[in-house]
Amino acid sequence: MHPTFVILKKLPFTRLLLPFIAGIIAHWYLKLEIENLLYTLSLSLVIITVYQFLPLARKYYLRWLHGIAILYLFFVLGALYRDWE
């Protein structure tokens, strides 16, 4: 196993903090449109909500999609945080 992956596994908050910081930086440099961010935010929330109601076998198969939705959620929250300042 790669040493970086082992470190990230021991620090789960870091895995959420990195997309948040990336969202702040992306919005700072790219000036992302608020409408696109809100669409991505709502899509992420829908995926996370639907995932909760899936049977256990489907949850196991689609856990990667749930993880990506959470990462997008934190990315968008970081970009929106930058816009709130």
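Trainee: Which residues make the nonpolar surface patch of about 780 Å²?

Mentor: Happy to start there. This is a predicted model, where local features need pLDDT of at least 70, side-chain atom pairs count only at pLDDT 80 or more, and totals for chains, interfaces and linings use all residues. Residues are numbered from 1 along each chain as its sequence is written, and side-chain values use heavy atoms, leaving out hydrogens and water. The patch is made by Phe13, Leu17, Ile21, Ile25, Trp28, Tyr29 and Leu30.

Trainee: Is Leu30 buried or exposed?

Mentor: Leu30 lies in helix H2, residues 12-30 (helices are DSSP runs, H or I, of at least four residues, numbered from the N terminus). Buried means under 20% relative accessible area, exposed over 50%, and partly exposed in between, with a 1.4 Å probe and protein chains only. At a relative accessible area of 59%, Leu30 is exposed.

Trainee: What arc do the buried residues of H2 cover around the axis?

Mentor: Good one! The buried residues of H2 are Pro19, Gly23, Ala26 and His27. They sit on the same side of H2, because the arc they cover around the axis is only 95°.

Trainee: Which exposed residues does the face of H2 turned away from its buried side carry?

Mentor: An α-helix has 3.6 residues a turn, so residues three or four places apart point the same way. On the face of H2 turned away from its buried side, the exposed residues are Phe13 and Tyr29.

Trainee: Which residue just after H2 takes a positive phi?

Mentor: Look just past the end of H2. There, with a phi of about 50°, is Lys31.

Methods:
Patch = residues over 30% accessible without salt bridge, like charges linked within 9 Å, V, L, I, M, F, W, Y side chains within 5 Å. Areas by Shrake-Rupley, 256 points an atom, 1.4 Å probe, with all protein chains shown as cover. Salt bridge = Lys/Arg side-chain N within 4 Å of Asp/Glu carboxyl O. Helix = DSSP H or I, 4+ residues; strand = E, 2+ residues; numbered from the N terminus. Arc of directions from axis to C-beta.
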